[in-house]
Amino acid sequence: MNAAGQPARPPLTQIPAQLGSLADYARLAREHMEAHAWAHIESGADQHLSLAHNRSAFDQLRLCPQALADLSAANTTQTLLGQALQWPVLLAPVAYQCLAHPEGELATVRAAMAMRTGMVVSTLASHTLQEIAQAASAATQELGRGGPLWFQLYQQATREHTLSLVRRAEDAGYQALVWTVDAHIKRSSYPLPPGVEAVNLRGMPEQRQSTDLMSEQILFGTDLARHAPSWDDLVWLREQTRLPLIVKGVLSPRVAAKIAQLGADAIVVSNHGARVLDTVVSPLEVLPAIRAATPSHIPLLMDSGVRQGTDILKAIALGASAVMLGRPQMHALAVAGMLGVAHMLYLLRAELELAMAQTGCATLADIGSDVIAQQWLSEGKRL
């Protein structure tokens, strides 16, 4: 049953005319998902204050349109870590996509390749990383178009198991590693339904905090805390692979600077969609400080709260090279499978191009802080 107490609707095979934004997909997805899955995907930490703040951070910034720009050669392309991006958006790693659609990540990656959009595949995918890479390759060959495919890495209880995931990703043809450092320790009480599991972790020990009321340790003193990502792990991981290494889950300029010093190729400024800790800063509000603290050759990506084309423009104006999109891919996947994800990406790119045209930005390089009305910055109203 869905959240309205009705049988969950099957995925659509055609896109209805009223689906014209990511917000429309979010509203309709509620009817197409089981209630518990919907609640899990939409939830944030504790009181959901940071979940709301991620959005308000974008909404409080005002754009300053600039007319008369030459748009005759306008485009949204760029090169990121030596890889071509048709536009500055990648699908963020989202776990257990079979919760939204039977084909899960296989449908999502086909849509991503069709729309020339990069995708970051979660360690906790409901299909194997090899199957997803094969689906991406087949779609690229069939359509003659595609996008970068990256693998998101969660650290495991032993370096042996972590390294096995790295080697599997390398062998399958993934083009970068996205090491997530902010969500090793988090609360989750959602029981996966039958048939949905973290297939890439079969045979590996599960890491959980203690729920024994009489235990002397809750989190501290447990294996979960002992195996949390550390600076030594970053140095070790950098030595293990020649793939570009991206560190995801950074909100501190000081930490970002040290990550760059230790050899990371890029950083994702993220609060994990406000799912880990409540009342934290939004990525958007710390983005300028992190940009100032890190070398200019280190690309910054950003996620958490991106829902409109203007959001992408604002993030780039404040220092991001690209953004990543999380929950909206699950909304679109639930509503109409591969077709839904492809249509959702089309809508977002159309919004970005409109925002660029209206602010006089013919290329991504033209997007600077001047597209944001300066009184919002100078008067401390940035967020």
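**View 1. R275 lies in the loop between strand 8 and helix 10, where helices (H or I, at least four residues) and strands (E, at least two) are DSSP runs numbered from the N terminus.** The model is predicted, with local features needing pLDDT of at least 70, side-chain atom pairs counting only at pLDDT 80 or more, and totals for chains, interfaces and linings using all residues. Residues are numbered from 1 along each chain as its sequence is written, and side-chain values use heavy atoms, leaving out hydrogens and water. With 25% relative accessibility, R275 counts as partly exposed (between the limits for buried, under 20% relative accessible area, and exposed, over 50%; 1.4 Å probe, protein chains only). Leaving out residues up to four places away in sequence, R275 touches H40, I41, E42, S43, G44, A45 and R327 (heavy atoms within 4.5 Å).

**View 2. H272 is placed in the loop between strand 8 (266-269) and helix 10 (283-293).** H272 counts as buried, at 15% relative accessibility, and, neighbours within four places in sequence aside, is in contact with Y154, T180, D182, A183, K248 and S304.

**View 3. The one aromatic pair of the structure (ring centres of Phe, Tyr or Trp, its six-membered ring, within 6.5 Å; planes under 30 degrees apart stacked, over 60 edge-to-face, the rest tilted).** The rings of F151 and Y174 have centres 5.8 Å apart and planes at 65°, so the pair is edge-to-face. The pair links distant parts of the chain, 23 residues apart, with F151 in strand 5 (residues 149-153) and Y174 in the loop between helix 6 (159-172) and strand 6 (177-180). Both F151 and Y174 are buried.
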